[in-house]
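Good morning, and thank you for coming.

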Amino acid sequence: MAGRGRGSWVLGICVALLVGCGGPPAPDAAPGDVRRLLDRRADALLDRDAKEYRATGRDAEAAEVYDNLREVPLESWQYRLTAFRRDGERATATADLRYRIKGYDSEPLTTSRLLTLEEREGRWYVAAERPAKKATEQLWDQGPVTSVRGAHSLVLGIGRSERDETTLRGYAELADRAVPLVRGAWPGKWPQRVVVLVPRSLDGMAGLLGAPASGYQGIAAVTTGETGGSGEAPADRIIVNPEAYGVLGDFGKQVVLTHETTHVATRAHTSPATPLWLSEGLADWVGYRGTGRTPAQAAPELRRAVQRGQLPGALPEDGAFGFSGDAGELAQAYEGSWLACRMIADQWGEAKLTGFYEAVGAHKKRPGALEDALRDVLDVTPEKFTARWRTYLRSELG
């Protein structure tokens with residue numbers, strides 16, 4: 001018995017030595033701990049629990065991020081850890097952040113975030129959070145966000161002063177007027193509400209778009225979103241360039257927001273088959289619809305070209321809409337596109353214009369889409385359509 005017991009004890013040592021020396025190392029618990037940390041951080045934000053949120057990070061960093069976000073009406077906020085690299089008591093991680101704005105996003109918007117983490121007394125904390133490489137900034141990365149709700153709009157802007165809030169209320173009023181204008185022109189189904197983002201500057205706009213600021217100088221606003229969506233994509237964001245938008249008069253500001261709201265409304269029917277002349281032309285047609293503006297007033301650059309005998313030979317190619325090119329040529333591209341859509345509404349009727357737009361967007365690819373829609377909806381060939389458009393330009397602008 002004694003020998004058997006001693007043998008078992010020796011065998012136990014051997015097994016322990018084998019496991020300790022030659023077995024697989026214990027898995028690092030840090031990734032799981034960080035996942036739970038990010039879950040706590042998300043829950044605290046949704047619960048509007050500032051104390052709990054600050055407990056997930058460095059006091060100053062967490063307090064600033066929470067303050068920047070506290071006026072954003074969130075329906076959901078969730079991190080999914082995608083990469084984790086540890087170096088002792090410090091680590092870096094990337095995570096997909098999925099969030100929804102309450103009342104506006106039907107599905108979560110996803111963006112990638114880079115997190116710097118540190119371990120103190122066996123617990124992990126977020127030391128910093130910022131956009132991951134190649135990811136765009138979010139509005140709250142640029143400062144404290146103020147939220148203003150309109151009847152059909154949500155305006156989110158940087159700054160918390162009384163002046164900032166007054167400015168944002170002006171945007172909400174314009175967006176609230178734009179939604180019914182678009183509803184009256186576009187018969188298709190759409191959410192009939194818009195989210196407008198107002199950064200502090202052109203550089204802030206560029207950060208939200210992930211593009212150089214030089215490409216958007218002079219552009220008053222753009223709309224982001226998924227083309228050819230199912231109707232379940234996150235709500236588009238209208239992003240304003242406050243520097244270019246601010247120099248417009250009241251009429252111009254309304255046309256711009258109505259134009260961008262049209263892009264929101266038509267998104268589900270806009271696909272890779274839709275040429276830019278059609279999507280931009282329709283948005284301008286809605287923007288000017290019912291305003292009484294004549295072609296001479298609304299298309300001054302193209303009018304001058306036509307009067308110089310420089311009548312365009314073809315509808316604008318997509319490349320003509322590049323923001324970094326010649327400003328005069330860009331204006332002519334927009335003006336010619338608007339007049340093409342205005343011609344369809346004048347000569348075939350408004351229902352044919354919107355039906356034509358839908359027919360083009362129903363195709364998945366560009367080849368054949370325009371030709372099929374011209375034939376099926378307008379009963380005209382591309383050559384005859386272009387000829388009629390050139391005649392229309394000469395008549396309206398000559």
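This is a predicted model: local features need pLDDT of at least 70, side-chain atom pairs count only at pLDDT 80 or more; totals for chains, interfaces and linings use all residues.

Residues are numbered from 1 along each chain as its sequence is written, and side-chain values use heavy atoms, with hydrogens and water left out.

Let us begin with the chain as a whole. Its secondary structure comprises 15 helices and nine strands; these are DSSP runs numbered from the N terminus, helices being H or I of at least four residues and strands E of at least two. The radius of gyration is 28 Å, well over the 21 Å that the globule rule gives for 398 residues, so the chain is more spread out than a compact globule. That radius is taken over C-alpha atoms, and the rule is 2.2 Å times the number of residues to the power 0.38. Along its principal axes, the C-alpha trace spans about 115 × 50 × 35 Å.

How many of the 398 residues count as buried? The share is 47%, where buried means under 20% relative accessible area, exposed over 50%, and partly exposed in between, with a 1.4 Å probe and protein chains only.

I turn now to the salt bridges. A search of the whole structure finds 26 of them, each being a side-chain nitrogen of Lys or Arg within 4 Å of a carboxyl oxygen of Asp or Glu.

One of these joins D105 and R237, at 2.8 Å from N to O. The pair links distant parts of the chain, 132 residues apart: D105 lies in the loop between β2 (90-101) and β3 (109-120), and R237 in strand β9 (residues 237-240). D105 is buried, at 6% relative accessible area, and R237 is buried as well, at 5%.

Another salt bridge connects R200 with D164, at 3.1 Å from N to O. Here R200 sits in the loop between β7 (194-198) and α6 (202-209), while D164 belongs to helix α5 (residues 162-185), 36 residues apart. D164 is buried, with a relative accessible area of 15%.

Helix α5 also holds both E165 and R169, four residues apart, about one turn of the helix. Their side chains meet in a salt bridge of 3.0 Å, N to O. E165 is partly exposed at 31%, and R169 is partly exposed at 41%.

Finally, salt bridges that share partners join R41, E61, R113, E129 and D141 into one network.
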